[in-house]
2 protein chains.
Amino acid sequence: MSTFSFRLEHTDGRARAGRISTPHGEIETPIFMPVGTVGSVKTLSPLELTECGAQIILGNTYHLYLRPGTEVLERFGGLAAFSSWKKPTLTDSGGFQVFSLAGLNKITEEGVSFRSHLDGSPLFLNPETSIKIQESIGADIIMSFDECIPFPSSREYVLKSVDRTARWAERGKAAKTRGDQALFGIVQGGVYEDMRMRSAGQITSIGFDGYSIGGLAVGEEIPRMYEICGYTADLLPRDKPRYLMGVGTPEDLLNCIGLGVDMFDCVMPTRNARNGTLFTSRGRLHIKRLDNALSDEPVDPECGCYTCRNFSRGYLRHLYKAGELLALRLNSLHNAAFYLSLVKNARNAIRKGVFSGFKSEALEKMKIGGLK
Amino acid sequence: MSTFSFRLEHTDGRARAGRISTPHGEIETPIFMPVGTVGSVKTLSPLELTECGAQIILGNTYHLYLRPGTEVLERFGGLAAFSSWKKPTLTDSGGFQVFSLAGLNKITEEGVSFRSHLDGSPLFLNPETSIKIQESIGADIIMSFDECIPFPSSREYVLKSVDRTARWAERGKAAKTRGDQALFGIVQGGVYEDMRMRSAGQITSIGFDGYSIGGLAVGEEIPRMYEICGYTADLLPRDKPRYLMGVGTPEDLLNCIGLGVDMFDCVMPTRNARNGTLFTSRGRLHIKRLDNALSDEPVDPECGCYTCRNFSRGYLRHLYKAGELLALRLNSLHNAAFYLSLVKNARNAIRKGVFSGFKSEALEKMKIGGLK
């Protein structure tokens, strides 16, 4: 018995606001999911994530499979309990990392052979083992094992891959044993509309608790990404959540919410924070720059996060330049808070039926900049 | 006009409990001061430090002089305002780092020439410039410029150095211009009782707001360190705070509180945390060890810090092994909380007149261990 459900509460053009229920609580959509790759959202504590509005955290199956491994995760009752995260979690299938990060791999109908990026040891993942590992991790929402098709790929290759991903989706659904986890199917198809339609048809006819749009933001032009995203979203059932995997910039989130996407994840806010790039309502701020040295302004005057409430750009620049770990924390906290506040504002705009104006204004402000 | 004062409230044998007043608030003694080397206590936020009981933070004059430099610090109204720390701060004189960390130096009567450990650039520090930099940093308590005598040193060298440190102390006191900062004199003298007596006589006759015991825990045996510490503490005026610089382990704190020391600082809790060593009521815990992998116990069942309230040894080990920055934070937070809780418990024991029993029991428990 699954306690998973989705209620679509408002629409505003193609944009949607809704509510997902899971065994660990509700998630208001559209939502951004901070990425806790190896069991923590890098540099941030669960308390901070909660305070800045995180409702669900993503864990990477591939990374968690390598470390700490399923034995440890099962011993502690799954990732959420292990990491002291009291709200919902979601895992990817491991597919993306196997194709992008791990040592090359052989793809067969059966599954994928690859090598650990840590020690080169040979590993194998298929739809059944992916589900099995995700059951050990125990997230509220899990993913079908798929191939994330590289860009560019020929239509011929995409066709072959999309059909195999559909067969893998079916195998994964059959392999699932836990009743308290929702399973999402992943629509692939590269940048070919007809392939996206083919994949969406296959995956929705198998039937899942929600639908992911995979294989975007892998190298194609951004306008093309939006076209394919919107086209694919329109092919998905209204009454299920739609998750655009691994995307993206603040601008991407606003645009894709406008195309009917409900869920996002991306390492960008935390990774860029560690590289000194901060997202703000007025565009990117490169904290390392000398002209921040004497600035007593907060990173973003519109932001209410702990970093912006307490610290100046001058202090953050000093910490960053001096290599202080607190810099990485305070930067990450701000970027996470910014992303979560952005989707919250988008939700509220949709609920009020003013999303289109909200989006244009927010995008315009980010473009104008005005930050050092 | 200085708003600095010290009130000795309780004695229990040689142990003392008191209260220091500063322009940024009160400090209950005995106290441990977390070290914020370059403008942050490594990995920790001011909020966390406050929550785990920090009452005063130490900044390193040498490091802050190099980065961010006095221009930036003055622009922001000093270190406390710059780093958003609302409570008292203390700075060392820069002497210790000049002698221990910077590229070799030439000591003359005038001062010390040395090279930056960052870029090798030639620098010069003397009693007047040390005070001037410390006035820019703006801590509530500042230190006289001294030579931290290396161990071992000949009596002949120590005599020469002690006399020069006394002349430097006099020059520093004369150079001081701000009325809102308390100035401490530093007693040196190596491991020679008569030199400690000579130095204590010189420094106390100049007259300072408090007295530091410098040049200990630099290589001498621990029992000898305690002997010299107790001997020197007994030479200092009852009505001024006594600060044992750069010391030490939890055992050192307990023993030296028992010898009449009021203030301590050390990088050990934060540095060891980053190396995976956690201090607990039952001794050291090496979090990396395999036998923590499946442990759902907290680091220290007697500790009430955020780390111990929320995370298992198994999770902390995983984070540490996976190189997650959150590991360094959670470890540092625990060690800081442990040190601060230790001095708080010592204070309470002194107030109740039961310090000796408290100390023996705590030391015994740390020795027995029982931790993996």
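A residue counts as buried here if 20 or more other C-beta atoms lie within 10 Å of its own, as exposed if 12 or fewer do, and as partly exposed in between, with C-beta atoms placed from the backbone. Keep that handy for the tour. The model is predicted: local features need pLDDT of at least 70, side-chain atom pairs count only at pLDDT 80 or more, and totals for chains, interfaces and linings use all residues. Residues are numbered from 1 along each chain as its sequence is written, while chains are lettered from A and ligands numbered from 1 in the order in which they are written.

**Stop 1: a helix in chain A**

The 21 residues should span 30 Å at 1.5 Å a residue, and the end C-alpha atoms are 30 Å apart, which agrees; the expected span is 1.5 Å times one less than the number of residues. Now colour the buried positions of α7(A), among them Val158(A), Val162(A), Trp168(A) and Gly172(A). What lies over them? The cover includes α6 (127-137), β12 (182-187) and α8 (193-206) of chain A, taking contact as C-beta atoms, placed from the backbone, within 7 Å.

**Stop 2: into the core**

Next pick Cys229(B). Together with Leu244(B), Cys229(A) and Leu244(A), Cys229(B) touches the most other members of the largest nonpolar core, which has 230 residues. Such a core is a set of buried Ala, Val, Leu, Ile, Met, Phe, Trp, Tyr and Cys residues joined through C-beta atoms within 7 Å. Beyond four places in sequence, the contacts of Cys229(B) include Ile213(B), Leu216(B), Cys256(B) and Val261(B).

**Stop 3**

Select 325-352 of chain B. In α14(B), 21 of the 28 residues are buried. Just past the helix, Gly353(B) has a positive phi of about 75°.

**Stop 4: where the chains meet**

Show both chains. Here 32 residues of chain B are in contact with 32 of chain A. On the chain B side, α3 (70-75), α13 (313-321) and α14 each give two or more residues, and α13(B) gives the most, five.

Finally, superpose chain B on chain A: a turn of 180° with a shift of 0.0 Å along the axis gives an RMSD of 0.0 Å, fitting by least squares on C-alpha atoms of residues with pLDDT of at least 70 in both. That is the relation of a two-fold axis. In chain B, the C-alpha of Leu325(B) is nearest the axis, at 4.1 Å.

Terms used: Helix = DSSP H or I, 4+ residues; strand = E, 2+ residues; numbered from the N terminus. Contact = placed C-beta atoms within 7 Å.
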